[in-house]
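Me: I have a model on screen and want to learn how to read it. Can you take me through it feature by feature?

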Amino acid sequence: MSFSSRIPNFHNKSADERRKIIAELLHLSEDDVAILKREEVSEDVLDIMIENVIGKLSLPLGIATNFKVNGKDYLVPMATEESSVVAAASHAAKIARIKGGFTAVYSGSFTIGQLQICRVKDIETAKERLMAYKLELLEIANSTNEILCNLGGGAKDFELKTIQGNQDTYLLLHLIVDVKDAMGANAVNTMLEALKLRVEELTEGIVLLRIISNHATKRTVKVSAVFSKESLGGEEIVERILCAYDLADSDIYRGTTHNKGIMNGIIAVVQATGNDTRAIEAGAHSFAAKDGSYKSLSKYEKNAEGDLVGSMEIPLSLGLLGGAINVHPTYKLALKILGVSSSEEFANIVAAVGLAQNLAALRALVSEGIQQGHMALHARNIAVTAGAEGEEIERVANNMIKSGSITYDSAKKILDSEKVNKGV
Ligand code: MEV
C-alpha cells in the first residue's frame, strides 16, 4: 500500500475526522474504526493477559505523521500519557523528509539467552567439552521449535564467557538465536530449559539461571537522517544542537535525560503495539553504557552543507506476534496501521521515531526552551484538572497561553470569571 504520511493540518481535525482520514488511507474496516473509537476489550481478554483483573486503564492513542523510513511512508501509532510527544515526533519527521527521511539498517533478530553454570571444578575443560559438543547442543535447542527452524530461524551458535562473581566463578553460555519476527523471550527461554541437563553433564556443573538477556547487542538498528539547517532555524541552531549532544555524551546527568527523550518516542510505539516496554527500555540504557560509561545513544554531526546529521544505534527486540499482541484488538490494529510485515521493518520505524523525538527535544531545548511548547499542550491538561469541560478546555488553555501563565490557579480564575460573566 502506498500513500503519503504527510497529512497537512491533521492536528487541527477532530478525532472522528482523523479516524476517517486514517481509515481511508489505510483501508481500515468499519470494525477497525469501531475498535479505535470504543476500545472494547472484553473482560475475558483482560483476564488472559494478567492476574487478579479488576478493570482496565486507557491511554490516548495518537498518530505521528510525516514518517518516511527507507523510502516508504508510515503513519505511526503512539500510546503515551505525555503531551507534545506525538506532535514533536511528527514535526521532526517533517524536517527529516525534506532530505529524504530516515535510513535504517537492521542487524537481524539475533537474541541472546544466558545459561549460568555454577560450581564448575575445571572451567577450561568444561569450555572445551561444550565447544566439542556444539552441534549436538544446538540441535537440542532447535528441537524445541520446529516452526522457527522451518522459517530459517533457531539457535545458530553460542559463545562462552567466564565471570568472576563474589560467590563463585561462573561459566556462561550465551545461546544466539535468530527469533525472526518474534520478540523471542519464550522461544529462547524454552531452548535454554532444554539444554540444562546436557550442559550439566558436559560441564559437571550446576545450571542455575536459564533466561534471555535484555542486553540485546545482536538485535540493533542503525538509523540516520539529515536535518536541513534552514528548517532547524539556521546555522546557530545546528551549532547549539551539537553542543547539547556533546554534553549528553560527556555527562551522565544530561545523558540520561537526553536518552529519556529518545525513549519517549520509542516506548510510545512499543506500548501501542503491545510489545515489552521494559525490555526495550532496559536494553537501551544498558546499550548506552556498553563501553563502560553511560553515553548518548544518538550522535550528531554537521555535513559539508552545514546540515545536521543525526544517527543512532539502538537495540530493539520487537515482535509482530505472540504474547498480548495475539489477544488484544487494539495492539493488533496498531500493527495494522503501522503496516509492517517483519520485525526488521518494525524496528527500523521505531528507531526512526526515537531519533526524531530526540532531535525535536534538542531543537526546542536550544531555542525557545522545552517549556513553551510543552506547557502549551500541557495547558489543556491543566484546564481539565481545574474543571473545564467540552469547548471550555481549548478556550481556557488558549487564554492561559496568551497570558503566559499556565497554572492551575490561572485556569480556575478564567473558569470562575467565565461563570461570573455568564451569570452562573
Ligand atoms: C521530556 O519528557 C524529555 C526531555 O527532557 C528530553 C531532553 O531533555 O532531551 C525534553
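**Reading the model**

Reply: Glu193 is partly exposed, because its relative accessible area is 41%, and the classes are buried under 20%, exposed over 50% and partly exposed in between (1.4 Å probe, protein chains only). Before going on, note that this is a predicted model, where local features need pLDDT of at least 70, side-chain atom pairs count only at pLDDT 80 or more, and totals for chains, interfaces and linings use all residues. Residues are numbered from 1 along each chain as its sequence is written, and side-chain values use heavy atoms, with hydrogens and water left out.

Me: Which residue forms a salt bridge with Glu193?

Reply: The general idea first. Side chains of opposite charge can pair when their charged atoms come close. The rule here asks for a side-chain nitrogen of Lys or Arg within 4 Å of a carboxyl oxygen of Asp or Glu. Glu193 pairs with Arg210, and their closest N and O atoms are 2.7 Å apart. This pair links distant parts of the chain, with Glu193 in helix 8 (residues 185-203) and Arg210 in strand 7, 17 residues apart. Helices (H or I, at least four residues) and strands (E, at least two) are DSSP runs, numbered from the N terminus. Arg210 has a relative accessible area of 26%, so it is partly exposed.

Me: How many salt bridges does the rule give?

Reply: The count comes to 24. One of them joins the side chains of Glu239 and Lys302, at 2.7 Å from N to O. Again the pair links distant parts of the chain: Glu239 sits in helix 10 (residues 235-250), Lys302 in strand 9 (residues 298-302), 63 residues apart. Glu239 is partly exposed at 34% relative accessibility. Lys302 is partly exposed too, at 44%.

Me: Which helices are linked by the pair Glu394 and Arg380?

Reply: The two side chains meet in a salt bridge at 3.7 Å, N to O. Glu394 belongs to helix 16 (residues 391-403) and Arg380 to helix 15 (residues 370-385), 14 residues apart. Glu394 has a relative accessible area of 40%, so it counts as partly exposed. Arg380 counts as partly exposed at 38%. Salt bridges can also share partners: they join Asp16, Arg19 and Lys37 into one network.

Me: Now the ligand. Which residues are around it?

Reply: A residue is near a molecule if one of its heavy atoms lies within 4 Å of it. Here the residues are Glu82, Arg254, Thr257, His258, Lys260, Gly261, Asn264, Ala361, Leu365 and Ile370. By class, the shell has three nonpolar, four polar and three charged residues. Ala, Val, Leu, Ile, Met, Phe, Trp, Tyr, Cys and Pro count as nonpolar, Asp, Glu, Lys and Arg as charged, and the others, Gly among them, as polar.

Me: Which element gives the largest share of that shell?

Reply: Helix 11 does, with six residues. Next, look at atom pairs. An oxygen atom of the ligand is 2.6 Å from an N or O atom in the side chain of Glu82. For Arg254, a polar side-chain atom lies 2.7 Å from a ligand oxygen. In Lys260, a side-chain N or O atom is 2.7 Å from an oxygen atom of the ligand. The protein covers 84% of the 300 Å² of accessible area that the ligand has on its own. Such areas come from the Shrake-Rupley method with a 1.4 Å probe; for residues, only the protein chains shown count as cover. Helix 11 (252-272) and helix 14 (343-366) are the elements giving two or more residues to the shell.

Me: Which residues form a nonpolar patch on the surface?

Reply: Patches take residues with over 30% relative accessible area and no salt bridge; like charges are joined within 9 Å, nonpolar side chains (Val, Leu, Ile, Met, Phe, Trp, Tyr) within 5 Å. Leu208, Leu209 and Ile211 form one, with about 260 Å² of accessible area together. Leu208 lies in strand 7 (residues 206-212). At 45% relative accessibility, Leu208 is partly exposed.

Me: Is Ala141 buried or exposed?

Reply: Ala141 is buried, because its relative accessibility is 0%. It is found in helix 6 (residues 134-142).

Me: What is the phi of Arg119?

Reply: Phi is near 55 degrees, a positive value in a residue other than glycine. Arg119 is in the loop between strand 4 (110-118) and helix 5 (123-132). It is exposed, at 62% relative accessible area. Ser84, also not a glycine, has a positive phi of about 80 degrees.

Note on methods
A polar contact is a pair of N or O atoms within 3.5 Å; within protein, one must be able to donate a hydrogen and the other to accept it, and residues adjacent in sequence count only if both atoms are side-chain atoms.
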